[in-house]
There are 4 protein chains.
Amino acid sequence: MTDVALGPNRYGKSAIRLVKIVRGEAGHTVRDLTVAISLGGDFEASYVAGDNSLVVATDTMKNTVYAFAREHLTGSVEAFGSVLARHFAAVPQVERATVSIEEHAWRPIGAAADAFWRDRSSTRTASIAASRDTLTFEAGIADLTLMKTARSAFTGFPRDEYTTLPETTDRIMATKLSATWRYEEGELDFDELFQAIRSTLLEVFAAHESESVQHSIWLVGQAIVDRHPEVAEITMTLPNLHHWLADLSPFGQPNDREIFIATTEPFGLIQATVRRS
Amino acid sequence: MTDVALGPNRYGKSAIRLVKIVRGEAGHTVRDLTVAISLGGDFEASYVAGDNSLVVATDTMKNTVYAFAREHLTGSVEAFGSVLARHFAAVPQVERATVSIEEHAWRPIGAAADAFWRDRSSTRTASIAASRDTLTFEAGIADLTLMKTARSAFTGFPRDEYTTLPETTDRIMATKLSATWRYEEGELDFDELFQAIRSTLLEVFAAHESESVQHSIWLVGQAIVDRHPEVAEITMTLPNLHHWLADLSPFGQPNDREIFIATTEPFGLIQATVRRS
Amino acid sequence: MTDVALGPNRYGKSAIRLVKIVRGEAGHTVRDLTVAISLGGDFEASYVAGDNSLVVATDTMKNTVYAFAREHLTGSVEAFGSVLARHFAAVPQVERATVSIEEHAWRPIGAAADAFWRDRSSTRTASIAASRDTLTFEAGIADLTLMKTARSAFTGFPRDEYTTLPETTDRIMATKLSATWRYEEGELDFDELFQAIRSTLLEVFAAHESESVQHSIWLVGQAIVDRHPEVAEITMTLPNLHHWLADLSPFGQPNDREIFIATTEPFGLIQATVRRS
Amino acid sequence: MTDVALGPNRYGKSAIRLVKIVRGEAGHTVRDLTVAISLGGDFEASYVAGDNSLVVATDTMKNTVYAFAREHLTGSVEAFGSVLARHFAAVPQVERATVSIEEHAWRPIGAAADAFWRDRSSTRTASIAASRDTLTFEAGIADLTLMKTARSAFTGFPRDEYTTLPETTDRIMATKLSATWRYEEGELDFDELFQAIRSTLLEVFAAHESESVQHSIWLVGQAIVDRHPEVAEITMTLPNLHHWLADLSPFGQPNDREIFIATTEPFGLIQATVRRS
């Protein structure tokens with residue numbers, strides 16, 4: 001068995017569910033995070049020799065997240081994540097520590113100081129990776145479900161013997177968008193940037209004329225990289241959640257882009273990165 | 001086998017996914033429904049004799065939903081559902097037709113006329129039941145996730161040998177609320193009523209001092225029945241999504257209702273009906 | 001607000017996840033249960049007055065389940081559930097205690113004494129309800145996914161202007177079956193009965209000629225009630241998970257009941273009770 | 001905007017649900033696949049210019065899967081996938097076509113020729129990637145839930161100020177394992193290999209003494225690479241689904257590794273590759 005070796009490996013703790021209540025004078029604030037920690041480094045002995053002497057217990061990772069939250073979860077998730085990532089990257093046997101965070105939004109009910117509803121319409125994400133002397137920041141948005149009811153076409157594609165799809169100049173485009181972008185180095189206001197990038201994304205999604213999901217990804221991604229110099233690159237994943245025009249002709253009815261059958265499977269899936277060249 | 005008989009039974013079609021695009025001058029509107037049809041009546045022969053001569057095919061039910069949507073889905077889901085329910089209740093062998101609808105909300109992106117984001121924060125529901133000469137309306141809200149960060153207590157409960165829970169006068173109460181209410185008969189503006197009842201629900205949830213989830217259900221339900229004479233009764237189901245105070249004492253830190261562990265299981269589950277007496 | 005009253009209500013704890021390892025001489029056994037407790041009774045004061053003095057805490061329910069597992073989880077889930085149900089029904093303010101249990105199956109890996117794989121193919125369920133002097137037992141099976149690839153027809157159904165479905169004498173019938181049955185009173189071997197009823201269900205499902213899902217429910221239910229006198233009645237819920245014949249004619253191919261598109265929505269849904277008359 | 005460029009990209013169709021009924025003399029066989037197609041290549045114009053002239057429609061991909069199933073889905077999913085992957089890789093603008101397949105198992109009910117139950121205990125996976133002149137095969141198993149009730153330890157790990165986990169020499173190890181392995185080139189009997197590798201995996205999982213999840217991954221992976229020369233490397237992902245010993249001391253009971261609380265979050269997550277060196 002001498003010719004078998006350990007390849008790439010990492011380990012950590014996932015789904016650490018942390019809620020912090022900030023009890024301000026003007027009202028409370030809810031921070032609701034799902035945190036994952038992942039470490040890479042000198043852990044081969046734990047695999048090949050069952051030697052745990054260098055293995056930071058994942059239970060310790062979980063404890064650290066809760067223990068750090070009081071002091072360090074005071075601003076952006078990126079700031080909190082960077083404290084955690086640096087803490088773990090300072091452990092000698094760790095070469096790379098990655099902290100992934102999902103932030104779940106809670107909004108005040110009206111003007112209430114201490115009552116909230118959860119806004120499930122999208123999730124803010126962040127991934128902070130630290131080595132001994134580097135720190136990189138990715139941010140993102142997940143599960144944002146969008147629809148264009150006009151100005152979405154799909155024409156001019158090649159036809160072979162297995163092609164039955166008609167061309168269309170006016171279809172519904174629906175998607176559950178996920179995007180992650182990597183920030184350039186520098187002092188950044190992560191909260192402000194997130195809102196600005198999200199606004200660009202929504203604005204361009206609403207405004208553009210789409211020739212395909214690919215085209216939409218490009219236009220949105222291009223605008224984000226172009227307008228936000230802090231963004232080095234963005235990767236977007238868009239399922240194409242097909243809406244088929246219902247055939248009402250058996251019932252003697254026309255159906256001019258009015259009644260659709262929403263479907264969940266199969267779905268198109270388009271993923272691309274747009275970056276500063 | 002002569003002593004075996006058919007008992008209660010019903011059948012229908014579920015998860016009919018219907019999207020209607022209303023292309024108005026001032027912009028589009030998206031109606032996005034999940035519809036289920038269920039019939040009861042003289043269907044015994046289909047079970048005991050394999051005789052389908054009275055069985056309205058569930059595929060026909062689906063077709064009917066799409067075919068009716070063009071003409072009849074112009075206002076509230078209750079209005080649409082009542083047309084469908086009456087259609088099926090008019091079939092001679094049908095004694096009771098129930099149409100259940102979930103409406104998924106799409107909001108315009110900014111001022112866009114033809115681009116939308118899906119608001120997943122809650123789902124509006126309706127259930128319309130028709131017999132030959134009756135029609136009853138239930139409405140509801142599902143998956144509304146709420147939290148109170150103050151003014152929620154749980155004290156004074158009995159203690160036996162299996163009780164370890166400490167009393168608390170200031171806990172987090174979090175829940176994913178579902179409510180359905182039955183309307184009194186009469187001419188009703190279902191859309192306006194839904195918004196008004198939802199507002200009452202949120203307002204009372206935010207304002208009240210809670211002694212328990214049971215107490216909260218009562219106060220919310222009582223206010224809804226009291227303020228909205230159109231509501232005959234309301235049934236609310238509230239999971240108690242426990243948030244446990246993290247024990248930071250091993251790390252030398254206090255934790256005065258600040259850092260919590262959010263949990264999904266086990267959960268308390270409280271369900272009650274409040275009605276006009 | 002004097003005309004508002006509390007209606008039906010119940011409360012309890014759900015999703016109590018209990019694993020018991022029985023370390024026998026010949027090998028270990030894994031018992032893996034999800035338990036829910038629900039109580040009804042004299043709890044009105046907790047709702048209308050915020051008075052918890054009679055409210056058994058749901059946390060206490062959870063503790064009781066774990067505390068009882070050592071001594072009382074030694075045989076069937078019905079036996080374990082009845083001890084729990086009687087315990088809670090003995091609380092003076094409780095009129096009815098219901099214990100619902102799902103048992104998740106773990107099978108030994110080969111002949112291993114202490115290693116197991118989880119058999120996810122179906123879940124055994126039980127529901128035990130106790131009042132001061134009654135005890136009723138329901139058992140069931142959930143999430144059992146079945147398919148007939150022959151001898152399933154659907155013909156002779158009525159056609160109206162919205163009917164497009166062709167008749168078929170040889171379709172695929174696929175379903176994710178759930179069944180619950182109520183036992184007659186008496187001394188019963190619940191484990192043996194469950195296996196016997198499950199065998200009858202599978203045998204009749206495989207053997208019968210189906211004219212419809214309704215017909216299948218009847219034949220399976222009738223056989224169970226007929227062959228197992230311990231069963232007072234059985235309720236079955238069968239989604240009809242449609243498999244549509246793929247249209248290969250555009251590609252110049254026949255398709256004689258060979259290539260199908262499996263779908264998840266919409267689905268037919270048929271539910272019926274069969275009972276001793 | 002001249003400094004923005006398209007980076008890595010791919011697109012395709014996911015969740016293509018295909019069922020094939022093979023009607024043999026001795027009985028039927030059900031093949032139930034979920035297929036995804038993904039293409040990379042010269043698709044930049046579709047993004048940056050909205051030019052679809054090279055875009056194979058994802059609807060065409062779906063059609064191709066169904067059209068190929070009659071003739072080509074006669075043996076292993078790897079064989080079927082390779083025909084599909086080669087078909088798409090032969091399109092001039094395609095540089096790389098990847099076909100990912102999940103096979104869902106249906107087992108005959110007893111000796112029935114035409115009735116089946118779905119075995120949900122694990123899913124067989126395959127991923128076939130083709131370029132103009134290369135073809136690589138990965139296979140795998142997903143969602144296999146396993147437990148060791150003895151011979152699983154976790155000791156000797158470092159302790160810092162955030163460590164509270166006690167050492168244990170006898171814990172429960174539970175996991176929902178996913179593994180994918182890449183095959184060496186050559187003529188392979190994929191079905192036989194899958195069964196043999198699955199057997200090795202289960203056998204070693206059952207037999208080994210585990211010092212940690214990392215150690216278990218190594219021992220299982222090492223055995224697979226060592227015993228199956230057709231396997232170039234294997235990547236395994238194991239969540240550590242924690243089972244915490246219930247504290248029964250408040251109820252005056254001992255609990256010697258008998259009663260456990262099964263949890264779903266947070267969970268450890270360990271991923272590693274083992275390969276021929």
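Guide: Taken over C-alpha atoms, the centres of domain 1 of chain A and domain 2 of chain A are separated by 31 Å. Please keep in mind throughout that this is a predicted model.

Visitor: Okay, and where do those domains of chain A run from and to?
Guide: The domain assignment of chain A puts domain 1 at 11-133 and domain 2 at 144-275.

Visitor: How many residues does each domain of chain A put into the contact between them?
Guide: Domain 1 of chain A contributes 6 residues to that contact, and domain 2 of chain A contributes 5 residues.

Visitor: Which elements of domain 1 are involved there?
Guide: Two or more residues on the side of domain 1 of chain A that touches domain 2 of chain A come from each of α3 (77-89) and β4 (115-130) of chain A. Of the elements on that side, β4(A) gives the most, with 3 residues. Sorted by class, the side of domain 1 of chain A that touches domain 2 of chain A holds 1 nonpolar, 3 polar and 2 charged residues.

Visitor: Switching to chains: how many residues do chain A and chain D bring to their contact?
Guide: Chain A brings 68 residues and chain D brings 67 residues. On the side of chain A that touches chain D, at least two residues each are supplied by β1 (4-24), α1 (44-48), α2 (58-72), α5 (213-227), β7 (231-240) and β10 (267-276) of chain A. The largest share of that side comes from β1(A), with 14 residues, and the residues of the side as a whole divide into 30 nonpolar, 25 polar and 13 charged.

Visitor: What does β1(A) pair with over in chain D?
Guide: β1(A) pairs in the antiparallel sense with strand β10 (residues 267-276) of chain D, over 9 bridges. To find one place in that pairing, look at R10(A), whose bridge partner in β10(D) is Q271(D).

Visitor: Now chain D by itself: at what angle do helices α4 and α5 of chain D cross?
Guide: The axes of helix α4 (residues 190-207) of chain D and helix α5 (residues 213-227) of chain D cross at roughly 140 degrees and come within 9 Å. The crossing of α4(D) and α5(D) is right-handed.

Visitor: What about strands in chain C, say the partners of β2(C)?
Guide: Strand β1 (residues 4-24) of chain C and strand β2 (residues 27-41) of chain C pair in the antiparallel sense over 12 bridges, and these two strands form a hairpin with 2 residues between them. Within that pairing, G24(C) has G27(C) as its bridge partner in β2(C). β2(C) also pairs in the antiparallel sense with strand β3 (residues 94-108) of chain C, over 10 bridges, where the bridge partner of S38(C) in β3(C) is T98(C).

Key. Residues numbered from 1 in each chain as written. Chains lettered and ligands numbered in written order. Predicted model: local features only at pLDDT ≥ 70, side-chain atom pairs only at ≥ 80, totals over all residues. Contact = placed C-beta atoms within 7 Å. Helix = DSSP H or I, 4+ residues; strand = E, 2+ residues; numbered from the N terminus. Nonpolar A, V, L, I, M, F, W, Y, C, P; charged D, E, K, R; others polar. Pairing = 2+ DSSP bridges. Domains from an automatic or database assignment. Axes fitted to C-alpha atoms, helices over the stretch in contact; angles between N-to-C directions. Left-handed = near helix turned anticlockwise from the far one by under 90°.
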